[in-house]
Amino acid sequence: MFDPMTLVGFHTWLSLVAIVAGFPVTTGLLKGHTKPGWTGVFLSTAFATSATGFALPAPGLLPSHIVGAISLLLIVAAGFALYAKLLEGVWRRIYAIAAVLAFYLLVFVLVAQLFLKVPALHALAPTGSEPPFAIAQGIVLVVFAILTWQAARRFTRVWHPVH
């Protein structure tokens with residue numbers, strides 16, 4: 001699964017890098033500024049992991065495809081706000097919201113994958129509809145709702161150039 005020479009392995013590594021990069025990006029937004037190096041890594045790997053997800057074998061349209069499509073839209077919106085609109089006006093808030101929501105979707109999928117792949121977690125929620133899974137995803141949702149709200153508020157207050 002973690003062999004980067006396979007599509008699944010490459011997709012997994014991209015996801016993990018994007019998640020790691022999402023932490024400093026979100027921390028920066030909460031402090032009212034961007035982290036240019038981390039932002040580039042986050043946006044590029046988050047985009048790549050969502051895009052490669054469509055190339056993975058699947059019997060048809062799955063919920064993961066819908067999450068991937070939403071993620072791609074959020075990442076494109078964040079990239080457009082940052083690189084094309086230079087975070088001017090309302091684009092600062094759009095960037096903050098889109099970036100944190102894209103990070104949320106990565107963590108949402110991480111939690112789902114952990115419940116699928118880690119035997120102890122899988123035993124707690126073998127179908128993904130049991131309370132432990134719902135509680136874990138509920139906690140992630142609440143944390144990211146707060147982070148998104150805070151980032152949208154705080155990132156609009158102070159202007160720090162992207163360059």
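A: The secondary structure of the chain amounts to 6 helices and 0 strands, where helices (H or I, at least four residues) and strands (E, at least two) are DSSP runs numbered from the N terminus. This is a predicted model, in which local features need pLDDT of at least 70 and side-chain atom pairs count only at pLDDT 80 or more, whereas totals for chains, interfaces and linings use all residues. Residues are numbered from 1 along each chain as its sequence is written, and side-chain values use heavy atoms, with hydrogens and water left out.

Followed along the sequence, the chain has the pattern α-α-α-α-α-α. The radius of gyration of the chain is 16 Å, close to the 15 Å that the globule rule gives for 163 residues, so the chain is as compact as a globular protein of that length; the radius is taken over C-alpha atoms, and the rule is 2.2 Å times the number of residues to the power 0.38. The C-alpha trace spans about 50 × 35 × 25 Å along its principal axes. Of the contacts in the chain with a separation of 6 or more, 68% are between residues 24 or more positions apart, a contact being heavy atoms within 4.5 Å.

Thr26 counts as buried because its relative accessibility is 5%; buried means under 20% relative accessible area, exposed over 50%, and partly exposed in between, with a 1.4 Å probe and protein chains only. In the chain, buried residues make up 39% of the 163 residues.

Leaving aside neighbours within four places in sequence, Thr26 is in contact with Val100, Phe103 and Leu147. Leu147 is 121 residues away from Thr26 along the chain, yet their C-alpha atoms are separated by 7.9 Å.

For contrast, Val41, which has its place in helix 2, counts as partly exposed because its relative accessibility is 32%.
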